[in-house]
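Please read the following points with the sequence and the coordinates open beside you. They take up sheets, domains, the chain contact and the backbone in turn.

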Amino acid sequence: MEAECITPDAFAGKDSKEIADLKLWEGNQQRSLGELFDVEGEGADNPKDLSIQIFGDVHKVRRIGASMSSGEIIIHRDAGLHMGEEMKGGKITVSGNADSWTGAMMKNGTIEIKGSAGDYVGAAYRGSIKGMRGGTIIIHGNAGNELGCFMRKGLIKVYGNVGQFAGMHMKNGTIMVLGNSQGRDGAEMTGGKIVIGGNVPAILPTFTFDSIKQKVKTNGEDVAGPFYLFVGDQTEQGDGKLYVSQTSNPNLKFYERYL
Amino acid sequence: MAELLIKNGFVYDPLNGINGERMDIAVKDGKIVEKVKGRGKKVIDASGMIVMPGGVDIHSHIAGAKVNAGRMLRPEDHFKDVEAKTDKTRSGVGHSIPSTFTTGYRYAKMGYTTVMDPAMPPLKARHTHEELNDTPIIDKGSYPLLGDCWFVLEFLKKGMIKECAAYVAWTMEATRGYVIKLVNPGGLEAWGFGRNVRNIDDVVLNFDISPREIIQGLCKVNQLLHMPHTIHVHTNNLGKPGNYVTTLETMKCVEHLANNGNPVIHVTHCQFSAFKGDDWRTFESGAEEIAKYVNTHSHVTTDMGQVVFTDTTTMTADGPFQYILYQLSHNKWVNSDVETETSTGIVPFRYKRSSFVHATQWSIGLELALLIEDPWKIYMTTDHPNAAPFIYYPKIVSWLMSRAAREKLLKKMNKRAVHKSLLPTIDREYTFNELAIATRAGQAKALGLKNKGHLGVGADADIAIYNINPQTVDPSKKYKLIRKAFKHAAYTIKDGQIAVKDGEIVRSVQGKTFWVKVKASRSLREIVPKLKEAFEDYYTVQYENYIVPEHYLAVSSPVQVKAEV
């Protein structure tokens with residue numbers, strides 16, 4: 001189901017009956033929102049004042065909150081693909097898990113996921129070099145591969161583990177992972193900051209080892225280390241910073257020889 | 001077939017000397033006729049509207065292997081611009097490189113009915129025609145790239161003009177091509193070895209021939225074969241500061257071949273070939289020099305290659321030039337060398353108002369169009385999609401017709417570029433008649449398409465009707481209305497059938513594919529055994545599979561010419 005109509009911007013200025021008439025595609029059939037959901041509540045003229053709550057299971061509903069500019073969406077269970085793509089403002093909260101492409105190409109706003117997220121969180125769509133350009137994504141669980149691909153600005157914080165290629169092609173902004181990574185972090189990055197608190201199997205050979213830092217500053221707050229600092233990706237003459245926890249990574253101890 | 005009468009429109013038909021007269025146009029069986037009598041005739045009331053021949057585009061990369069590689073390179077160009085399927089049309093995608101069906105529909109919506117794809121590697125002819133078959137409504141043709149072909153280079157080196165003509169005639173038939181196209185003559189052959197040529201007297205690697213000899217040789221071949229169009233040249237050093245000198249030399253080198261004041265060379269997307277200065281910092285416009293030469297010589301025609309500030313995809317057969325663009329933009333790119341024939345390069349590109357170079361390029365295109373006095377010598381193109389996608393033609397129309405429109409944009413552009421630009425000193429504004437020449441009549445005439453670009457009796461009934469009243473609307477002031485009218489034609493009539501109404505497709509018809517069939521003496525066939533031998537030695541395909549059979553074209557329309565050999 002393609003539900004880009006579930007945004008505060010589309011709901012603004014409509015009562016519950018008009019909202020139930022909004023059209024969306026289910027496969028190749030066009031349906032109205034009212035056929036698939038029970039719509040209740042009061043409307044508001046300004047999207048800023050709207051809070052949309054979704055109680056059902058929407059893990060098969062794509063593009064919820066796409067291009068939204070303000071207001072709030074709360075999803076009490078799992079959310080589907082492309083949630084909050086190209087979001088410009090406002091907040092989306094998911095109590096369950098989110099799928100892949102969450103916050104793809106987003107420009108501003110906040111997405112908070114209590115569960116885990118899929119691949120390509122905050123990434124650029126195929127072929128584009130404009131990944132996440134602002135805003136914040138917070139994931140309390142795990143995230144998949146290519147987190148923040150082509151990221152240009154903003155913050156992604158993951159409390160759990162991440163897959164491979166976190167911060168691939170990253171240009172600027174911050175990615176913070178408190179759990180483990182499956183490796184290849186920051187491949188082809190040219191700028192920005194990746195902090196990994198857990199274990200990393202290996203660092204790409206195209207990163208140079210710089211130093212050991214006792215703390216890192218991310219978005220104004222200090223994170224206590226110590227961290228190994230790597231700079232790269234040298235294949236792109238990049239100046240990206242990759243911080244990896246010293247205590248969680250005894251496997252990287254051999255780098256200390258190069259100090 | 002139904003009869004059609006277009007009543008009371010303001011008709012602009014420069015080839016027949018009709019300049020905004022209010023008259024009726026009658027159509028029968030897809031042709032324009034003196035009058036229609038039948039009771040069942042359909043009548044279109046065009047009062048208060050402009051009636052012009054259907055638009056003709058002499059240079060627009062709409063099909064072929066290179067265009068398709070561009071589509072694959074740029075998914076981000078597609079997902080933002082999606083056309084849903086309707087009852088009458090198929091779905092499609094694409095901003096700068098639209099899919100085939102969308103290309104046809106969008107051209108038709110602007111009132112265009114004939115579009116030429118200007119760069120077909122002969123080896124990829126089959127693919128090109130497959131795509132052209134799938135491009136609806138418009139008539140089309142394709143130009144085989146011959147300026148770097150081994151056969152041509154070898155024949156010309158040995159001075160065998162007649163044999164070269166025979167080969168070119170064979171290629172036109174084998175690839176169903178329409179025009180002899182030269183792209184950076186000699187440079188592409190050198191690019192196969194990572195080199196380029198520096199000027200038109202440089203020596204081409206391995207062939208001991210200069211670009212000058214290639215241009216002159218193919219120009220002579222063109223005359224021997226009596227081709228409908230002249231040679232179509234993308235100059236050496238294109239896209240490099242200071243290249244206007246090369247462009248002038250290219251024009252001068254065929255000056256002595258001119259006969260009866262007819263054009264013998266078409267220098268295409270001239271904007272890219274009119275750069276002055278030593279490097280990008282001292283970059284400036286060479287439009288004045290080029291315009292001065294074109295104004296005083298009758299053997300040259302050109303087209304604009306006008307830049308519009310937008311995101312687009314550059315694609316030419318000029319591999320070395322595309323490599324420079326890649327180095328400038330650091331964007332992703334595609335490059336290839338097509339066996340013994342040509343090369344290709346594709347680089348996504350964004351033209352920015354704030355950039356000194358891009359803003360100057362914008363200015364050069366318009367300076368050329370406005371400083372070249374005779375509209376029969378310069379045509380409106382964007383070299384789609386190199387300088388801009390063709391959907392921006394209405395904007396260019398407004399810049400040509402309105403000084404105010406130009407000045408409005410000049411205010412928002414790079415200040416240094418504006419300071420150096422000649423545009424603020426140019427008062428000229430195109431009239432509707434001049435516009436009709438630059439967008440249809442002139443192009444059709446240059447292409448030698450006798451039934452296109454005019455509304456005389458016997459012409460193909462390709463007609464565009466725009467909802468604008470030339471008596472009440474002053475294009476110089478109301479340029480926004482002009483843009484709107486030219487963006488969505490009130491009617492586009494193709495072969496007597498209404499294809500577009502009020503800017504929407506109402507009927508998708510199949511257009512023709514033009515190609516040149518050379519009628520010559522038997523001697524031309526004598527080169528075939530030699531070709532077969534060469535195919536065994538050099539090509540990855542067999543001679544027999546190389547030839548595109550005529551039945552491969554959806555609607556084949558051969559243009560017969562009688563060669564002098």
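1. In chain B, β17(B) and strand β19 (residues 342–350) run antiparallel and are joined by six bridges, and within that pairing B:Thr316 has B:Gly345 of β19(B) as its bridge partner. Strands here are DSSP runs of E with at least two residues, helices are runs of H or I with at least four residues, and both are numbered from the N terminus; two strands pair if DSSP finds at least two bridges between them. The model is a predicted one, in which local features need pLDDT of at least 70 and side-chain atom pairs count only at pLDDT 80 or more, while totals for chains, interfaces and linings use all residues. Residues are numbered from 1 along each chain as its sequence is written, and chains are lettered from A and ligands numbered from 1 in the order in which they are written.

2. A residue is buried if 20 or more other C-beta atoms lie within 10 Å of its own, exposed if 12 or fewer, and partly exposed in between, with C-beta atoms placed from the backbone. Strand β5 (residues 50–53) of chain B pairs with β21(B) in the antiparallel sense over four bridges, and B:Met52 stands opposite B:Ala464 there. Strand β22 (residues 491–494) of chain B is also antiparallel to β21(B), through three bridges, with B:Tyr491 as the bridge partner of B:Ile465.

3. Chain B is divided into domain 1 (3–53 + 454–505), domain 2 (144–383 + 405–447) and domain 3 (513–562), the bounds coming from an automatic or database domain assignment. The centres of domain 1 and domain 2 of chain B, taken over C-alpha atoms, are separated by 33 Å. Between them, 12 residues of domain 1 of chain B are in contact with nine residues of domain 2 of chain B, where contact requires C-beta atoms, placed from the backbone, to lie within 7 Å. On the domain 1 side, the largest share, three residues, comes from β5(B).

4. The contact between the chains takes four residues from chain A and four residues from chain B. On the side of chain A that touches chain B, the residues divide into one nonpolar, two polar and one charged; Ala, Val, Leu, Ile, Met, Phe, Trp, Tyr, Cys and Pro count as nonpolar, Asp, Glu, Lys and Arg as charged, and the others, Gly among them, as polar.

5. Several backbone values deserve a check. Most residues other than glycine have a negative phi, and most peptide bonds are trans. In chain A, a cis peptide bond with omega of about 5° joins A:Gly225 and A:Pro226, the latter found in strand β12 (residues 221–232) of chain A. The bond from A:Gly232 to A:Asp233 is cis as well, with omega near 0°, and A:Asp233 is found in the loop between β12 and β13 (240–245) of chain A.

6. In chain B, B:Asn237 has a positive phi of about 60° although it is not a glycine, and B:Asn237 counts as buried because 29 C-beta neighbours lie inside 10 Å. B:His269 has a positive phi near 25° and is located in the loop between β13 (265–267) and β14 (275–276) of chain B; with 26 other C-beta atoms within 10 Å, B:His269 is buried.

Methods: Two residues are in contact if their C-beta atoms, placed from the backbone, lie within 7 Å.
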